[in-house]
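Please look over the structure below, then read the report that follows.

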Amino acid sequence: EVAGAAELEYGANRGTEGNEYGTAISKAEFGAAIKPNDKVEARVKWLYEEDLKAVSTPLEVDEANAIWHVRPENKLDITAGKKYLKFGSFDTNMVSDPLTLDLGETRQDKVLEVTSKQGNFNTTGYVFSGTAPKIDGTGKHKSGYGFSVGYESEKVNAGVDYLSNLAESKAFVDHNSVAKKVPAMALYASTSLGGVALKAEHLTAVKSFQAGDLEETITSAAKPSATHIEADLDLKKERVLALSANKTSNAEEIGLPKNNYGITYAQPLYKNISGGIELARAKNYDATTDKSLTMKLSYEF
């Protein structure tokens, strides 16, 4: 199987630095999966990303792993390779990513993961080779692990995830040195009530980053967290009106806003093409605000 997607964004932002405008290929990805039988599967995905300020992530192998389906219907799977860790849900219909994703999304090159599905319950456990250096220069926090327990039915999806070191998150990829590991947890839930879907997620460090961590980005002990709440109104014919509220705590030194509110309207446009438009307002820790308009065109195959 082969699949791919491309997203084109136009954005206008009014903030402390004046008005800014930009166009970007926010995402271009291509993936392939090979499944010679019902026991073995291999997956690879390439990804290119760019933001509205023309800061890009060059084309790279985003994920590459092999899966052994030990038991049928996902009752027991073992995955090894490069992949995103099962930490956080990040489910949204907004154009912009939730702040929980900005804080917690984590990908590692060397992961061994075991997943099991029993009825409505899903459990995942994994170990990985960490990359976060120790600030004393004596090497890396090499061993990492995490687990996830989730419940899923037609009406409810909920779960709790644990990660042994938040410094492994993509948010800190260029400056992730820490004196000690900083474990983190994510809790999320969603439900449908008639034509309205409600979603909530809270992601937080369990222990604090210490002064000097993250290559001295942290100047005093801080336990960052992010919360995302969203309501999606089904307007039929795959049209959605989404409202979201995001809030962070102790996240000023890692570059996240204090809160963010937004509204998005999205709908199919033609065959595999869809579009969305978002109005958002963010407030920073220094009380300054940013207002933005973002339009997105998406194509999937």
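Buried means under 20% relative accessible area, exposed means over 50%, and partly exposed lies in between, with a 1.4 Å probe and protein chains only. By that scale Lys 271 is exposed, at 70% relative accessibility.

This model is predicted: local features need pLDDT of at least 70, side-chain atom pairs count only at pLDDT 80 or more, and totals for chains, interfaces and linings use all residues. Residues are numbered from 1 along each chain as its sequence is written, and side-chain values use heavy atoms, with hydrogens and water left out.

**Strands and hairpins**

Helices (H or I, at least four residues) and strands (E, at least two) are DSSP runs, numbered from the N terminus. Two strands pair if DSSP finds at least two bridges between them.

Strand E3 (residues 40–50) runs antiparallel to strand E4 (residues 56–71), and ten bridges join them. Lys 45 stands opposite Glu 63 in E4. E3 and E4 form a hairpin with five residues between them. In that turn, Ala 54 has a positive phi of about 65°.

E4 also pairs with strand E5 (residues 76–84), again in the antiparallel sense, over seven bridges. Arg 71 has Leu 76 in E5 as its bridge partner. This hairpin has four residues between its strands, and Glu 73 in the turn has a positive phi of about 60°. Asn 74 lies in the loop between E4 and E5. Its phi is positive, about 60°, although Asn 74 is not a glycine. Asn 74 is partly exposed, with a relative accessible area of 42%.

Lys 271 sits in the loop between strand E14 (259–270) and strand E15 (273–283). Lys 271 is also a residue other than glycine with a positive phi, near 50°.

| Residue | Strand | Relative accessible area |
|---|---|---|
| His 69 | E4 | 10% |
| Ser 148 | E8 | 3% |
| Ser 244 | E13 (residues 240–249) | 8% |

Contact here means heavy atoms within 4.5 Å. A polar contact is a pair of N or O atoms within 3.5 Å; within protein, one must be able to donate a hydrogen and the other to accept it, and residues adjacent in sequence count only if both atoms are side-chain atoms.

His 69 makes a side-chain polar contact of 2.8 Å with the side chain of Glu 41. His 69 and Asp 38 are 31 residues apart in sequence, yet their C-alpha atoms are 7.1 Å apart in space.

**The nonpolar core**

A nonpolar core is a set of buried Ala, Val, Leu, Ile, Met, Phe, Trp, Tyr and Cys residues joined through side-chain atoms within 4.5 Å. The largest one has 27 residues. Phe 87, Leu 103, Leu 166, Phe 209 and Ile 254 have the most contacts inside it. Helix H1 (99–104), strand E7 (121–129), strand E10 (184–193) and strand E11 (196–205) each supply at least two core residues. H1 gives the most, with three. In soluble globular proteins, nonpolar side chains tend to be buried together.

Phe 87 has contacts well along the chain. Leaving aside neighbours within four places, they include Gly 104, Tyr 126, Asp 161, Leu 166, Met 185 and Leu 203.

**Pocket and cavity**

On a 1 Å grid over the protein atoms alone, a cavity is a set of points where a 1.4 Å probe fits but cannot get out. A pocket is an open set with protein on both sides within 12 Å along at least five of seven lines, and lining residues have an atom within 4 Å of a point. Grid points are joined across faces, edges and corners, and a volume is the space filled by probe spheres set on the points.

The second largest pocket holds about 560 Å³. It is lined by 23 residues, and the closest to its centre are Lys 86, Glu 113, Thr 115, Asn 122 and Thr 124. E4, E5, strand E6 (107–118), E7, strand E8 (143–152) and strand E9 (156–163) each give two or more residues to this lining.

The structure holds one cavity of 30 Å³ or more. The largest cavity has a volume of about 60 Å³. Its lining includes Ser 89, Phe 90, Asp 91, Asn 157, Tyr 188, Lys 199 and His 228. E10 and E11 are the elements that give two or more residues to that lining.
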